Amino acid sequence: MMDRYIEQFPVVINALNIGFLQTLKLFLVTLIGALPLGLIISFGSRSKFIPLKLLVRFIIWVVRGTPLMIQLLIIYYFPGLVFHNNIWGGQETGRFIATSVAFIVNYSCYFSEIFRGGIAGIPKGQDEAGLVLGLTKSEIFFKVKLLQMVKSILPPISNEILTLVKDTSLARIIALQEVIWAGQAFMKGSQGISGEIWPLFFTAIYYLIFNGILTVLLGKLEKKLEYFK
Amino acid sequence: MKKLLSIILIMTMAMALTACQSGKSSSSNSGSSANDSEQSVDDLKSIKEKGKLVVGITDFEPMDYKDADNNWIGFDADMATAFAKELGVDVEFVEIDWDNKALELESGTIDCVWNGMTLTDEVMSAMSCSRAYCNNAQIVILPKDKVSDYPDVDSLKSLNFAVEAGSAGEQEATANGFTYTAVKDQASALMEVAAGTSDAAIIDSLMAAAMVGDGTGYPDLTYTFGLNSEEYGVGFRKGSNLTDELNAFFKKSYDDGTMKETADKYGVSAALAEQK
């Protein structure tokens, strides 16, 4: 009994590592894409130009109002189904790009609402003070308000980041081979191991450890920002 | 600053819209990729143009699985490779989510589904299918210690079954009037029985032979009754002209013995269907 596990362990861990690398890649790409895009969208949703504001808020409503899983299916399959032009290709790279697009769009909408709240939460007096000192509007935003906003939105952003780590598992719906996919492969049979359940449950350890590391890092960042009382 | 941002945002959206637009226009140029059910599709030409046949598979021993060097082998994989060679194109295997096989085909991310696919009514109506090349059966899986309690198929009616959603096993469960839970795949159905959350499962005999019994991951389970016999086929897009090509190829390789040779290699020759 024990022998079987000892024999299987390196094979399974190797496959799960490859899967988790894909998970990590998706996580990082999403974060790098969605944070700046979220900031741009938050400007759009605060715009004084009403049509733009309504359009952006409509998009946010649609993206936040539909499941990410459906968005993945739409982004990956619709170009081929509706426009008869499969822009992604069937290979792993195409699937990864499509998944990244869906995740970045989805998460940037959530981030944009957090940013919007953060910007709105900064007292108006600071704008006025900035203007009196002769700063331009963009100088006021980037030099005065941005870092204070970052401090106040860090806890909700941290929340979203931890959720993002786990949401990457949805990508398996369009056959992106992330860590859960890799674990499930051993239930059906892969690399000579079939009918094994434990690799699937073992993937939870990966998420747990990675989210543990992130929690510590984000906690440290929060401490660093504490001097803005 | 604000104005600049507005302009950037509007431009991004305009670009997104034109991207959709250009997708539309390019499709009207190459009308051949349209997939209306009755329309015939010149897939042969389009795969020759791109120089490869993209085969949708899952990791499913002994039909499609990876060898030590990470190459796809198995009865289906070898036959698909030979078929692509016959057509003069490269073969490319892509792992797909089995639930989405029809979606993958219709959206053009793959050219065929070649993975021990049972020719059910659903499959036949969603795809253009080749002739059957393998015979298979749906069989009942029970824990070893309970087998003696259930002497015939009727006695199974009191049990809760686990079956793969949309599979031939689910059809059999319905046909026999069993109470069942539909789960994600056949492996999940086995896990249900092993975990005791379901009493029994219905899966493929080819799969059962590999996964259940002594020396497998489920030593405490065993297989009992066969509920039906069924056939494996290859699925193409509806109206695809590759279906006829493959039928001709199957006949040729059956007659010259290469199909049998490949089947022997993977231990499925007993299941091989005659190609007339």
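# Close-up views of a predicted two-chain model

**Figure 1. Chain A as a whole.** Of the 229 residues of chain A, 38% count as buried. The structure shown here and in the other figures is a predicted model. Chain A contains eight helices and zero strands, so its pattern, read along the sequence, is written α-α-α-α-α-α-α-α. Along the principal axes, the C-alpha atoms of chain A fill a box of roughly 75 × 50 × 25 Å. Among the contacts in chain A with a separation of 6 or more, 74% are between residues 24 or more positions apart.

**Figure 2. Helices H3 and H4 of chain A.** Helix H3 of chain A covers residues 68-82, and helix H4 of chain A covers residues 92-120. The two pack at an angle of about 135°, and their axes are 9 Å apart. Angles over 145 degrees would count as roughly antiparallel and those from 65 to 115 as roughly perpendicular; H3(A) and H4(A) are therefore oblique to each other. Their crossing is right-handed. On the H3(A) side, the residues of the contact are Leu68(A), Gln71(A), Leu72(A), Ile75(A) and Tyr76(A). They meet Arg95(A), Ala98(A), Thr99(A), Val101(A), Ala102(A) and Asn106(A) in H4(A). By class, the residues of this contact are seven nonpolar, three polar and one charged. The numbering of the contact residues can be read with the helix repeat in mind. An α-helix has 3.6 residues a turn, so residues three or four places apart point the same way.

**Figure 3. The contact between chain B and chain A.** Here 39 residues of chain B are in contact with 37 residues of chain A. Several elements of chain B each supply at least two residues of the side that touches chain A. The helices in this list are H1 (2-29), H4 (101-106), H7 (186-195) and H8 (205-211), and the strands are S2 (65-66) and S4 (90-95). H1(B) gives the largest share of this side, ten residues. The side of chain B that touches chain A divides into 19 nonpolar, eleven polar and nine charged residues.

**Figure 4. The two domains of chain B.** Chain B has ten helices and eleven strands, and 43% of its 276 residues count as buried. In the domain assignment, domain 1 of chain B is 39-135 + 231-271 and domain 2 of chain B is 136-230. Their C-alpha centres lie 27 Å apart. Domain 1 of chain B gives 14 residues to the contact, and domain 2 of chain B gives nine residues. On the domain 1 side, strands S5 (112-118), S7 (134-143) and S11 (221-236) of chain B give two or more residues each. The domain 1 side that touches domain 2 has six nonpolar, four polar and four charged residues.

Figure 5. Helix H6 of chain B, residues 168-175, is mostly covered, with six of its eight residues buried. The buried residues in H6(B) are Ala168(B), Gly169(B), Glu170(B), Gln171(B), Glu172(B) and Ala173(B). What covers them includes strands S8 (160-164), S9 (179-183) and S10 (200-204) of chain B, together with S5, S7 and S11 of chain B. Just after H6(B), Gly177(B) takes a positive phi of about 70°.

Technical notes:
Residues are numbered from 1 along each chain as its sequence is written. Chains are lettered from A and ligands numbered from 1 in the order in which they are written. This is a predicted model: local features need pLDDT of at least 70, side-chain atom pairs count only at pLDDT 80 or more; totals for chains, interfaces and linings use all residues. Axes are lines fitted to C-alpha atoms, for helices over the stretch in contact, and angles run from 0 to 180 degrees between N-to-C directions. Helices (H or I, at least four residues) and strands (E, at least two) are DSSP runs, numbered from the N terminus. Angles under 35 degrees count as roughly parallel, over 145 as roughly antiparallel, 65 to 115 as roughly perpendicular and the rest as oblique. A crossing is left-handed if the near helix is turned anticlockwise from the far one by less than a right angle, and right-handed if clockwise. Two residues are in contact if their C-beta atoms, placed from the backbone, lie within 7 Å. Ala, Val, Leu, Ile, Met, Phe, Trp, Tyr, Cys and Pro count as nonpolar, Asp, Glu, Lys and Arg as charged, and the others, Gly among them, as polar. Domain bounds come from an automatic or database domain assignment. A residue is buried if 20 or more other C-beta atoms lie within 10 Å of its own, exposed if 12 or fewer, and partly exposed in between; C-beta atoms are placed from the backbone.
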